[in-house]
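Q: I have a chain open here and want to go through it. Can we start with the terms?

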Amino acid sequence: QVHLVESGGGLAQAGGSLRLSCAAYGRTFSRYAMGWFRQAEGKEREFVTAINRSGVSTYYADSVKGRFTISRDNAKNTVYLQMNSLKPEETAVYYCAAVIGYPVVRPTAYDYWGQGTQVTVSS
């Protein structure tokens, strides 16, 4: 098993940037593909991005492609989400998740979840 803790959320202006981190506590972090999801108030949880076990392959929702970047440092047991050119509609709680094996877009497929970190984007 693995325990996930997100950090780095906060307030950004429209067009600004934030960098989220997800620290994993457990054995063999590199066994897990990692994903980021977000859930705005009154909305369902949606896929943002995912990365495979080695970090070679990445996947992005169309809405964030070109603006967000996922990366991981297996030596530090940490996955990152760099968010640039933020939009007010991207205000949400952002969640880190881990799945054994290969990355997927369906949230129900993930085995472990962090508690989330709030991101607020102002106009």
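A: Buried means under 20% relative accessible area, and exposed means over 50%. The model is predicted.

Q: By that cut-off, is Cys 96 buried or exposed?
A: Cys 96 has 0% relative accessibility, which is under 20%, so Cys 96 counts as buried.

Q: And Cys 22, buried or exposed?
A: Cys 22 is buried as well, its relative accessible area being 0%.

Q: What do Cys 22 and Cys 96 form?
A: A disulfide, with 2.1 Å between the sulfur atoms. The angle about the S-S bond is -80°, and the link is left-handed.

Q: Which parts does the pair tie together?
A: Cys 22 is in strand 3 (residues 18-26) and Cys 96 is in strand 9 (residues 92-100), so the link joins parts 74 residues apart in sequence.

Q: How many disulfides does the structure hold?
A: One.

Q: Changing topic. What is the secondary structure of the chain?
A: There are 11 strands and zero helices. The pattern along the sequence is β-β-β-β-β-β-β-β-β-β-β.

Q: Why call the chain as compact as a globular protein of that length?
A: The globule rule gives 14 Å for 123 residues and the radius of gyration of the chain is 13 Å, close to that figure, so the chain is as compact as a globular protein of that length.

Q: What box do the C-alpha atoms fill?
A: Roughly 40 × 25 × 25 Å, along the principal axes.

Q: What share of the residues is buried?
A: Buried residues are 43% of the 123 in the chain.

Q: And the contacts, how many are between residues 24 or more positions apart?
A: Of the contacts with a separation of 6 or more, 58% are between residues 24 or more positions apart.

Q: Back to single residues. Where is Tyr 80?
A: Tyr 80 sits in strand 8 (residues 78-83). With a relative accessible area of 13%, Tyr 80 is buried.

Q: What separates Tyr 80 from Cys 22?
A: Along the chain, 58 residues; between the C-alpha atoms, 6.2 Å.

Q: Which residues does Tyr 80 touch?
A: Leaving out residues up to four places away in sequence, the contacts of Tyr 80 include Arg 19, Leu 20, Ser 21 and Trp 36. Thr 69, Ile 70, Ser 71 and Asp 73 are also among them.

Q: Last topic, the surface and the charges. How many positive and negative side chains?
A: The chain has 13 positive and 9 negative side chains, and 8 Å separates the centres of the two sets. The accessible surface is about 6500 Å², with 47% of that belonging to carbon and sulfur atoms.

Definitions and conventions
Residues are numbered from 1 along each chain as its sequence is written. This is a predicted model: local features need pLDDT of at least 70, side-chain atom pairs count only at pLDDT 80 or more; totals for chains, interfaces and linings use all residues. Side-chain values use heavy atoms; hydrogens and water are left out. Helices (H or I, at least four residues) and strands (E, at least two) are DSSP runs, numbered from the N terminus. The radius of gyration is taken over C-alpha atoms; the globule rule is 2.2 Å times the number of residues to the power 0.38. Buried means under 20% relative accessible area, exposed over 50%, partly exposed in between (1.4 Å probe, protein chains only). Contact means heavy atoms within 4.5 Å. Accessible areas come from the Shrake-Rupley method with a 1.4 Å probe; for residues, only the protein chains shown count as cover. Lys and Arg count as positive and Asp and Glu as negative; His and the chain ends are not counted. The place of a charge is taken as NZ of Lys, CZ of Arg, CG of Asp or CD of Glu. A disulfide is a pair of cysteine sulfur atoms within 2.5 Å.
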